[in-house]
Amino acid sequence: MAIAPHPTPVPTRAAAVTASGRPGSPLGADRVRLTGGLLHDWQRRNRTVTVPHVVREVRGAGNLDNFRRLADPEVGDYRGRYPFLDTDVYKTLEGLAYELAREPEDAGEADAQAVARDFYEESVALIERAQRPDGYLGTFYQSPQSPKKPWQDLSWGHEMYNLGHLAQAAVAASRQLGDRRLLDVAARFADLVVERYGPEGEPAYCGHPEVEMALVELARETGDRRYLEQARLFVERRGAGTLEHTIFAADYFQDAVPLRELGSVTGHAVRMVYLAAGATDVALETGDAALVAHLERLWDDMVARKSYLTGGIGSRHSDEAFGDRFELPGERAYAETCAAIGTLQWGWRLFLATGRADVLDHLERVLHNAFAVGLSEDGAAFFYDNPLQRRPDHEQRSGAEKDGELLRRAWFGCPCCPPNVVRWMSELQDHLAVADDDSLTLALYASAAVSSPAIDVDVETDLPWHGRVAVHVRRATDDPATLVLRVPAWADGAAAAVDGVAVPERPTDGWLRLTRAWRPGQTVTLDLPMPVRAVTAHPHLDAARGTAAVLRGPLVYCVEQQDSPAPVDDLLLAAEDVPGLVADDDHPWHVLRGALAVAPPAGDDPYPPLGAPAAPATDRAHVALVPYALWGNREAGAMRVFLRLS
């Protein structure tokens with residue numbers, strides 16, 4: 001039986017990140033509503049399929065029982081191996097706050113929303129009941145069977161990491177639903193942390209960053225600046241080496257040197273980008289220009305030397321970590337789905353701090369590739385790690401058995417990625433636009449209704465499949481306003497017009513700024529050329545030397561074995577073949593079709609002598625290249641992003 005909804009004040013429906021920066025303030029669900037296109041379809045799939053699936057799996061895994069047993073020991077022992085399983089509930093609740101605030105469009109959405117409501121109400125009640133009088137909340141360490149006491153293992157205990165995800169869920173519930181119950185719980189837990197680890201407390205920090213950005217947003221929501229100061233302390237303290245570096249060395253925890261002295265992103269990839277996101281939040285709130293500049297340098301180094309073509313990060317399976325610069329093996333790419341989400345979180349904040357269009361270009365790449373690949377087309381199975389190559393005999397680490405092969409899984413023993421996908425999908429609209437009193441900036445493109453102080457618009461686009469963006473003015477003030485449109489670096493030769501008349505303005509630093517006294521009914525069109533293009537790899541990127549990959553717009557493409565009559569490892573890509581790759585818009589995946597040369601058999605000698613003549617390629621194969629985000633939705637087989645150069 002569903003629990004009756006808690007009485008709530010009128011919500012603000014503000015964005016997940018409410019910082020004001022150079023481009024303006026982010027517009028949230030009260031100002032941006034997805035109306036069609038790919039991102040709208042993603043959100044609908046999220047609310048009708050992924051949310052019910054994740055709710056069912058979280059229940060089945062016993063996460064709610066871990067809260068329930070604190071009041072009723074007869075429920076049984078703590079379930080699960082890890083001390084951070086509370087966050088599976090919190091991340092799910094963060095996404096549900098958004099979904100419960102939306103009006104269902106049909107009976108299917110209404111049914112899914114009922115499932116979400118039951119889980120939400122039951123979870124909130126259990127969380128309230130489980131919290132200790134002093135504010136502490138962590139079902140693993142509150143368990144009588146716990147091998148350690150609270151705060152005894154900051155390196156691996158994840159207690160403040162748990163607080164971070166609780167606080168983000170609480171802020172979402174407050175803003176989207178007007179429900180402050182979780183906010184009260186999170187504030188009491190945060191107060192305990194401030195008392196214990198604040199300016200007068202122990203100079204320590206959590207082994208897994210995440211609480212930093214949550215504390216900043218908690219300060220923004222509550223007005224309590226103590227939380228901002230605590231976030232700042234955690235950022236500044238890290239690197240002092242106070243964590244116990246068991247299993248992995250200090251670099252894994254970003255604890256070898258202070259963040260301001262870090263020369264490159266390092267260690268566990270999710271930890272790193274969460275830390276950087278929190279540090280960017282702190283810099284935004286405190287006006288720390290030097291910290292912003294340092295974070296820009298870390299971002300630029302990561303994008304140029306430690307990111308896969310898809311935007312994925314983390315090349316080492318052993319510690320889910322960044323490798324050295326240019327250490328980016330395709331078939332062993334870890335590129336965790338959570339790391340993609342962390343990159344999106346950091347990049348969005350860095351954009352707010354700097355206004356850089358190229359940061360958004362990378363976010364667009366991550367969104368449509370490294371993030372999107374983590375969820376199956378049907379919305380109910382996931383990749384944890386995301387390689388760029390699969391050999392015919394390769395066993396994808398994160399796969400599940402299906403007809404003897406390995407593909408996506410419905411759930412994991414460490415299920416951090418699925419609830420993370422739920423919350424990010426629910427918050428997509430919060431990362432599309434920013435505004436101030438006299439300007440509206442469209443940062444990422446999707447069909448949406450957007451309202452801002454100066455101008456309201458309806459955006460229509462079929463990106464990433466087609467390159468036209470139409471912006472229809474729905475409301476405008478009498479005063480001039482500036483409409484700011486991002487022109488991606490991949491869109492060479494972009495053209496814009498107002499009511500069919502070409503504009504004289506030209507893009508600067510990736511932005512097209514159009515200042516007018518706008519009238520309702522006017523239409524701005526931005527045409528972004530999307531030819532198929534191919535890229536090679538930096539000469540220091542040994543794993544991809546002698547290969548090339550195919551892109552169109554923001555999408556990275558790959559070849560799966562079922563779309564090639566020849567082995568994918570034998571396909572050859574030549575520059576003259578690229579113009580012949582044409583998008584098939586009748587295919588639901590908009591695949592690229594064309595003919596590629598096929599290399600003759602390589603022989604059995606694994607190390608032929610230098611200068612040995614290679615047999616010429618005489619055969620050609622008609623192939624289809626699919627968007628990388630959609631690979632692995634059919635039977636398992638070989639796959640390649642980077643193809644051998646002809």
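Helices here are DSSP runs of H or I with at least four residues, numbered from the N terminus. Before I go on, this is a predicted model, where local features need pLDDT of at least 70, side-chain atom pairs count only at pLDDT 80 or more, and totals for chains, interfaces and linings use all residues. Residues are numbered from 1 along each chain as its sequence is written, and side-chain values use heavy atoms, with hydrogens and water left out.

Back to Ala-101. Is this residue buried or exposed, or partly exposed? Its relative accessibility is 23%, so Ala-101 counts as partly exposed. The cut-offs are under 20% relative accessible area for buried and over 50% for exposed, with partly exposed in between, using a 1.4 Å probe and protein chains only. Setting aside neighbours within four places in sequence, Ala-101 is in contact with Arg-13, Gln-176 and Leu-177; contact means heavy atoms within 4.5 Å. Pro-11 is 90 residues away along the chain, yet its C-alpha atom and that of Ala-101 are separated by 9.1 Å.

Now to the helix pairs. In general, two packed helices are described by the angle between their axes and the distance between the axes. The axes are lines fitted to C-alpha atoms, for helices over the stretch in contact, and angles run from 0 to 180 degrees between N-to-C directions.

Take α1 (residues 37–61) and α3 (residues 86–101): their axes come within 11 Å and cross at roughly 150 degrees. α1 and α3 are therefore roughly antiparallel to each other. That label applies to angles over 145 degrees; under 35 is roughly parallel, 65 to 115 roughly perpendicular, and the rest oblique. On the α1 side, the contact includes Asn-46, Arg-47 and Val-51, and on the α3 side it includes Asp-88, Val-89 and Thr-92. Six of the contact residues are nonpolar, two polar and three charged.

A second pair is α8 (residues 211–222) with α9 (residues 225–237), where the axes come within 7 Å and cross at roughly 165 degrees. That makes α8 roughly antiparallel to α9. Among the residues making this contact are Leu-215 and Leu-218 of α8 and Phe-234 of α9. This contact divides into ten nonpolar residues, two polar and one charged.

Next, the interior. How many of the ten residues of α14 (417–426) are buried? Ten of ten, so to speak a mostly covered helix. Its buried residues, including Trp-424 and Met-425, pack against α1, α3, α6 (159–177), α10 (269–286), α12 (337–354) and α13 (357–371).

From α13, look at Val-366. At 0% relative accessibility, Val-366 counts as buried. Beyond its sequence neighbours within four places, Val-366 touches Thr-310, Gly-311, Ala-340, Thr-343, Leu-344, Phe-371 and Ala-372.

Last, the cysteines. A disulfide here is a pair of cysteine sulfur atoms within 2.5 Å, and the count comes to zero. Cys-338 is in no disulfide, the nearest cysteine sulfur being that of Cys-417, 3.6 Å away. Cys-338 is also buried, at 3% relative accessible area.

Terms used:
Helices (H or I, at least four residues) and strands (E, at least two) are DSSP runs, numbered from the N terminus. Ala, Val, Leu, Ile, Met, Phe, Trp, Tyr, Cys and Pro count as nonpolar, Asp, Glu, Lys and Arg as charged, and the others, Gly among them, as polar.
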